[in-house]
Amino acid sequence: MGTFCSVIKFENLQEVKRLCHWGPIIALGVIAICSTMAMIDSVLWYWPLHTTGGSMNFIMLINWTVMILYNYFNAMFVGPGFVPLGWKPENSQDSMYLQYCKVCQAYKAPRSHHCRKCNRCVMKMDHHCPWINNCCGYQNHASFTLFLLLAPLGCIHAAFIFVMTMYTQLYNRLSFGWNTVKIDMSAARRDPPPIIPFGLAAFAATLFALGLALGTTIAVGMLFFIQMKIILRNKTSIESWIEEKAKDRIQYYQLDEVFVFPYDMGSRWKNFKQVFTWSGVPKGDGLDWPIREGCHQYSLTIEQLKQKADKRVRSVQYKVIEDYSGTCCPLNRGIKTFFTSPCTEEPRIRLQKGEFILATRGLRYWLYGDKILDDSIKEVSFSPSDVSRIRGWFPRNCVEKCPCDAETDQAPEGEKKNR
């Protein structure tokens, strides 16, 4: 009940604006089309309400719709939970293990990350999901995962209704020739015939809804298995990437150390209970976390600081040789650049000839980095955090390596491994 109240009691009416985004509009549109068509097909043409089975089937369809929407809006409006503005650890000495967020004017608590879209540091951030127009994190991870489970299950039920409706209505209407298949849309299957005949429009709408249901089942079902895989390891998508980069850093420098993820409780069931609880409220406060034996409370944040320092060392300075307007898919930069534009909501940055960029990662035809705003700073050891940051993706063929970096011939981090 507490979770339900938090859904209808918005801390700020601005939260309603989350619905005004292409992600929720498409997601709610798919839910509305599939559920509405399943109910119409079931009642009118497949399983009428005056039968026991038809009534139970109709109740189940309503049940799927309610549970899907409940968890969807829960994930959207409850949100992931944010690190309090100005937060700092109780022990001031612990701040040396944490990164500082200049936007939130606070230290980043363990497992938290700053989201550019939400403009806040998110507790136990997994990712920013465009379909709910919000982050998936500490408070809404369970609701989001339940939505990913219920949506495919509801779509499977709806797809069954669509298939059976078309089968029963078209069973006596199909005629096969040597080279053609004809459908007689005037024949009726049920006796007495339905109030509204199953015409061409109904057939087209049912076929379209079937395609949406099957596509949703496959796409969202895959996301569910990905989420469950990391939940059973008590990780997030970002933490899985940090762990992968830790192994890459250790291998790159051939260090005699082993990174152990500190929040894996050693049991899938214990990891599962860290996210899913009977009360619906996740364990802990989102700032302090239980750790496995032999690990440090700040093992993950210490590794993040090492990776941040390593990124500065391995970054490469480039000089802009051609202007770039900042468009997502520039036609004037070549066909390969156009079709290999990064599939991400991360920004593109406008470039002008003569500017300098510090690239930290890249793809074959694209680079990601920070624009160096102070032209007097031309050191490779330049730290992006020292000045205002303008960062994003840009085409590789717009820039060239600076002479000092061309000698080292060092590739930006992520060129071998880019998520």
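Start with α2 and α5, which are oblique to each other. Angles under 35 degrees count as roughly parallel, over 145 as roughly antiparallel, 65 to 115 as roughly perpendicular, and the rest as oblique. This is a predicted model, where local features need pLDDT of at least 70, side-chain atom pairs count only at pLDDT 80 or more, and totals for chains, interfaces and linings use all residues. Residues are numbered from 1 along each chain as its sequence is written, and side-chain values use heavy atoms, with hydrogens and water left out.

**Stop 1: α2 against α5**

Select α2 (22-46) and α5 (residues 200-231). Helices (H or I, at least four residues) and strands (E, at least two) are DSSP runs, numbered from the N terminus. The α2 and α5 axes are 9 Å apart, at an angle of about 130°. Axes are lines fitted to C-alpha atoms, for helices over the stretch in contact, and angles run from 0 to 180 degrees between N-to-C directions.

Now show side chains. From α2, the residues that meet α5 include Val 30, Met 37 and Trp 45. On the α5 side, look for Phe 208 and Leu 212, among others. Contact means heavy atoms within 4.5 Å. By class, this α2–α5 contact has 11 nonpolar, two polar and one charged residues. Ala, Val, Leu, Ile, Met, Phe, Trp, Tyr, Cys and Pro count as nonpolar, Asp, Glu, Lys and Arg as charged, and the others, Gly among them, as polar.

**Stop 2: α4 against α5**

The residues of the α4–α5 contact divide into 23 nonpolar, seven polar and no charged.

**Stop 3: Arg 18**

Go to the loop between α1 (2-8) and α2, and pick Arg 18. Is Arg 18 buried or exposed? Arg 18 is buried, at 16% relative accessible area. Buried means under 20%, exposed over 50%, partly exposed in between (1.4 Å probe, protein chains only). Its side chain reaches the backbone oxygen of Asn 133 at 2.7 Å. Leaving aside neighbours within four places in sequence, Arg 18 also touches Pro 24, Met 76 and Asn 134.

**Stop 4: two positive phi values**

Most residues other than glycine have a negative phi. Select Gln 105, in the loop between β1 (100-101) and β2 (106-107). Its phi is positive, about 55°. Gln 105 is partly exposed, at 49%.

Finish at Arg 111, between β2 and β3 (113-115). Phi there is near 75°, also positive. Arg 111 is buried, at 2%.

Notes
Polar contact = N/O pair within 3.5 Å; in protein donor to acceptor, adjacent residues only side chain to side chain.
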